[in-house]
Amino acid sequence: MSEYDVLCIGNAIVDIIARCDEAFLEENDIIRGAMNLIDVDRATLLYDRMGQAIEASGGSAGNTAAGIASLGGKSAFFGKVSNDTLGEIYAHDIRAQGVAFDTKPLEGHPPTARSMIFVTPDGERSMNTYLGACVELGPEDVEEDKASGSKVTYFEGYLWDPPRAKEAIRMTADAAHAAGREVAMSLSDPFCVDRYRDEFLELMRSGRVNIVFANEHELLSLYQTASFDSALEAMRKDTRLAVVTRSEKGSIIITDDETIPVEAIQIDELVDTTGAGDLYAAGFLYGYTNGHSLRDCGRLGSFAAGLVIQQIGPRPQKDLRYEAQQAGLL
């Protein structure tokens with residue numbers, strides 16, 4: 001029997017979210033719509049310049065773990081925080097949402113990671129992330145009982161930046177496969193794909209990763225093409241199961257012999273796209289580990305993503321299970 005539906009591995013980051021206009025991005029050399037890695041000095045500078053902000057626990061895989069728990073699933077999380085105020089906030093928040101989080105905090109420097117997220121009027125988010133304690137996640141943080149006791153282990157591509165985290169992910173993946181489990185990853189960001197294209201493709205082609213989540217921009221970046229169709233066919237050959245999200249165009253699920261289009265849900269207002277892909281993965285993986293068809297997994301993903309983009313912040317503020325039941329999805 002599995003103790004957990006999904007084990008998520010990622011950067012444990014506290015998001016600091018503020019609204020801004022396009023001019024602010026230009027004046028501060030912020031790359032629109034991307035995740036930009038910054039040092040502590042730039043983190044301090046941007047924090048001083050940003051307007052009224054909301055602090056919320058985030059991080060891509062952490063958001064997915066919280067979404068799975070909100071849907072009624074059993075999720076666990078590996079991620080490194082420091083023994084400081086933001087670290088305590090992060091640990092409290094993710095546990096309060098029902099996620100098993102037992103990674104030992106770092107004592108001393110560097111501090112807990114934080115991401116300054118600037119949301120423009122169209123809902124697009126531009127992230128500026130200081131990784132801090134995240135880079136200290138290592139093999140000693142791997143809990144093999146959680147790796148072998150989870151139906152799927154899911155990690156974010158962002159975690160490929162810190163070298164010791166790669167070793168931790170490989171160890172966890174090996175433990176998962178040894179127990180007959182599956183491993184999934186998110187490509188996370190086009191710039192992340194640019195940095196690790198060959199390594200990501202090797203993970204897929206070797207079978208170390210069984211399920212891949214990507215958005216359209218990440219897919220095109222992975223295969224260095226402007227053709228969506230050719231990139232999709234290349235992805236089909238490289239992995240057993242892949243999910244490609246396309247914002248308002250919905251998503252496409254592909255296997256060796258199936259192509260399943262899934263519509264996006266209708267929303268009242270686009271407020272903030274932060275966490276959209278993370279919550280899509282949450283809905284899909286909840287469905288996948290609880291026996292739903294691939295089409296219904298995609299519908300759950302679209303539903304969870306559609307709810308989170310109508311609020312500020314990446315963690316679900318509504319009870320996703322209740323909302324999905326009301327929508328006839330569970």
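This is a predicted model: local features need pLDDT of at least 70, side-chain atom pairs count only at pLDDT 80 or more; totals for chains, interfaces and linings use all residues.
1. D15 belongs to strand β2, which spans residues 13-19. The residue is buried yet forms no salt bridge. R315 carries the nearest side chain of opposite charge, and it lies 6.9 Å away. A salt bridge would require a side-chain nitrogen of Lys or Arg within 4 Å of a carboxyl oxygen of Asp or Glu.

2. The surroundings of D15, leaving aside neighbours within four places in sequence, consist of I54, E55, A56, G58, G59, S115, I117 and P314. These are the residues with which D15 is in contact.

3. The count of disulfides is 0. For C134, the closest cysteine sulfur is that of C192, at 13 Å, which is too far for a bond. The cut-off for a disulfide is 2.5 Å between the sulfur atoms.

4. Two cysteines may be noted for their burial. C134 is buried at 2% relative accessibility, and C20 is also buried, with a relative accessible area of 12%.

5. Helix α8 (residues 216-223) has 7 of its 8 residues buried, so it is largely enclosed by the rest of the structure. The buried residues are E216, E218, L219, L220, S221, L222 and Y223. Their cover includes α7 (190-205), β11 (211-215), α9 (228-238) and β12 (241-245).

6. At the start of the helix, a side-chain oxygen of N215 comes within 3.1 Å of the backbone nitrogen of H217. After the helix comes Q224, which has a positive phi, near 50 degrees.

Conventions
Residues are numbered from 1 along each chain as its sequence is written. Side-chain values use heavy atoms; hydrogens and water are left out. Helices (H or I, at least four residues) and strands (E, at least two) are DSSP runs, numbered from the N terminus. Buried means under 20% relative accessible area, exposed over 50%, partly exposed in between (1.4 Å probe, protein chains only). Lys and Arg count as positive and Asp and Glu as negative; His and the chain ends are not counted. Contact means heavy atoms within 4.5 Å. A polar contact is a pair of N or O atoms within 3.5 Å; within protein, one must be able to donate a hydrogen and the other to accept it, and residues adjacent in sequence count only if both atoms are side-chain atoms.
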